[in-house]
Amino acid sequence: MSDPMEPSTSKSDPNPIIGPITLLHPRREPFEHGLLPIQKLIFTDPLQALIPLKQKLASSSSSSSSSSSSSSTHRVNSDALADALQISSEHARLILDTLASVLHSEPDPLVNAHPDDVGSVGSDWRDLILFLYIQSYKRLLPRSHKDSAAVADVWPSTSAFDGYLSALSPLQLVRSNTRRFMPSQADEEAHQLSYLQKHLANILSLLSEPVEGEGEESLVLTMEGFEHLGFLIQFGDKGSEGIPLSQAAPFFANSDPDMPAVPVPASQVLDWLLENIASSLEHITDKISAKENGPQGGSDQDVAMADASSSSVRASPSARNCCFIEGVSKSSYVKQASDLKHSSVKVINCHDSVIYILAPLRYATIYGCSDATIVLGAVGKAVRVEHCERVHVIIAAKRVCIANCRECLFFLGVNQRPLVVGDNHKLQVAPYNTFYSQLEEHMTEVGIQATMNRWDEPLALGAVDPHDSLSHPAGVSDAQAESAAQLDPDQFTNFLIPNWFEGESAGSTKDNPFPLPDAYLKSQLRNQKNLSEIKQILREAPLEENRKRELSCALHVYFKDWLY
């Protein structure tokens with residue numbers, strides 16, 4: 001038997017299957033940030049639903065792409081999308097905004113469109129078809145904790161206002177501050193690969209074009225169509241900086257850039273991709289088994305998490321370009337751009353802490369945190385905050401999604417409407433309220449506009465997430481999520497970020513770059529005036545030196561109590 005890693009050179013085989021040259025990975029971004037709980041997007045049979053939709057979208061994009069015959073100009077705008085799916089223009093715009101945040105191709109016009117132009121710029125119909133197809137994906141749920149008593153001190157008992165959707169509550173889904181009982185990145189990657197393995201034949205058929213002939217060989221895939229698979233898969237570990245998809249494929253790798261590549265039978269592409277997926281799944285399975293069978297303290301390089309405590313706080317880098325911060329408890333934690341070499345961050349199961357991540361990022365996830373304040377610098381793609389309680393989140397980002405959270409307060413500087421989904425209770429939103437010296441530099445780097453802040457326009461979608469694997473009571477699938485209320489301006493305060501590294505990271509930002517609405521600005525000025533008056537009264541108080549020392553000590557005691 002020949003070595004599967006060695007390319008077949010037999011001329012008698014019209015469809016040689018080339019062995020995997022490096023590991024194939026699913027792109028995590030569409031699965032983590034690209035799923036929308038809109039019932040009209042959830043197809044029982046995605047292939048049968050999308051075949052006629054493909055024809056409609058392709059034809060509508062062709063008719064709106066002037067006289068050019070190039071398929072690269074075949075784009076679907078929000079009006080055509082709303083008509084094809086029979087959805088509101090608001091939902092059509094949301095689909096395009098979400099797709100733009102998870103697209104694999106940075107030069108794509110949708111990625112670089114001004115927020116006001118996203119609807120008219122539209123998407124390539126093939127990216128749109130892939131985006132709609134994966135709306136049928138079901139997320140991997142957290143494993144239940146083996147000892148519920150062990151986490152009683154972190155998560156309180158179910159509260160009095162739990163209703164019939166309590167099965168989805170963050171209290172029941174995330175009661176563990178231990179990594180071992182949550183789905184690891186390896187578990188999730190294996191789950192995503194298994195999904196792609198099952199649906200790849202359908203996905204390729206939607207990207208392929210028919211030719212004269214019968215049977216499976218009648219569908220062929222062009223190199224351009226093949227490149228759109230980069231929305232879902234990648235080779236190598238550097239995401240968009242990894243190996244171009246067509247260069248990883250043996251049938252397109254040596255194509256003349258000045259000549260159009262010859263289309264390849266879809267069946268040949270399918271066989272090659274399935275072989276790569278099988279190889280990746282085997283690799284991940286071996287890694288998971290080694291970790292589970294190894295010592296308790298053993299770590300997986302791809303998914304390692306550091307136990308963080310007040311005496312030892314560490315972050316764990318992933319081999320897949322993501323930094324994990326987990327288990328920070330009763331302490332402060334700071335991460336700057338100079339010591340964060342990753343484009344994505346995940347803050348998981350942190351409690352009673354203040355966490356500062358002052359860096360330009362592409363993606364960020366905050367998951368399972370409680371009684372904490374979390375500051376994210378500038379996030380250019382998407383932020384997801386999920387299963388959190390009593391957390392204050394301060395974010396400058398292009399978009400944010402809030403899911404299954406309770407009694408949380410969000411200070412937002414966002415260019416798109418905040419998305420509120422799932423079982424939420426007592427959420428509040430407020431305008432952005434802080435700054436650090438490099439904030440504007442980081443915002444410019446990732447493409448956030450300070451002149452556009454839509455913090456006060458939350459969009460509430462379904463209270464039930466069709467992408468989880470839970471069974472839901474009948475009749476609740478169309479229920480709308482509880483939206484977020486606006487914080488009373490009288491309760492609005494600025495958040496001061498200490499300048500620990502003044503000499504190392506001097507920047508030009510001296511104030512909050514997001515303009516405050518009048519009501520919040522007046523409240524801020526009133527608070528500043530009151531503070532100045534109190535300072536003046538204290539300075540002029542006719543007290544003896546020993547009484548002044550007593551007053552100073554009392555102020556320090558109250559300040560420490562407030563900090564605690």
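Student: How are α3 and α4 set relative to each other, and what are the terms for that?

Tutor: Angles under 35 degrees count as roughly parallel, over 145 as roughly antiparallel, 65 to 115 as roughly perpendicular and the rest as oblique. Here α3 and α4 are roughly perpendicular, because of how their axes cross: the axes of α3 (residues 78-85) and α4 (residues 89-102) come within 8 Å and cross at roughly 115°. Axes are lines fitted to C-alpha atoms, for helices over the stretch in contact, and angles run from 0 to 180 degrees between N-to-C directions. Helices (H or I, at least four residues) and strands (E, at least two) are DSSP runs, numbered from the N terminus.

By the way, this is a predicted model: local features need pLDDT of at least 70, side-chain atom pairs count only at pLDDT 80 or more, and totals for chains, interfaces and linings use all residues. Residues are numbered from 1 along each chain as its sequence is written, and side-chain values use heavy atoms, with hydrogens and water left out.

Student: Which residues make the contact between α3 and α4?

Tutor: Contact means heavy atoms within 4.5 Å. From α3 come Ser78, Leu81, Ala82 and Leu85, and from α4 come Ser89, Ala92, Arg93, Ile95 and Leu96. By class that gives 6 nonpolar, 2 polar and 1 charged residues. Ala, Val, Leu, Ile, Met, Phe, Trp, Tyr, Cys and Pro count as nonpolar, Asp, Glu, Lys and Arg as charged, and the others, Gly among them, as polar.

Student: At what angle do α4 and α7 cross?

Tutor: Roughly 95°, with the axes of α4 and α7 (residues 125-133) coming within 11 Å. That makes α4 roughly perpendicular to α7. Ile95, Thr98 and Leu99 of α4 touch Asp127, Leu128 and Phe131 of α7.

Student: And how do α7 and α9 run relative to each other?

Tutor: They pack at an angle of about 150°, with the axes of α7 and α9 (residues 185-207) 11 Å apart, and are therefore roughly antiparallel. On the α7 side are Trp125, Arg126, Ile129, Leu130 and Tyr133, which meet α9 residues including Tyr195 and His199. This contact divides into 8 nonpolar, 2 polar and 1 charged.

Student: How many cavities of 30 Å³ or more does a search find?

Tutor: On a 1 Å grid over the protein atoms alone, a cavity is a set of points where a 1.4 Å probe fits but cannot get out; lining residues have an atom within 4 Å of a point. Searching the whole structure gives 2 of 30 Å³ or more.

Key. 1 Å grid on protein atoms, 1.4 Å probe; cavity = no way out; pocket = protein on both sides within 12 Å on 5 of 7 lines; lining within 4 Å. Points joined across faces, edges and corners; volume = space filled by probe spheres on them.
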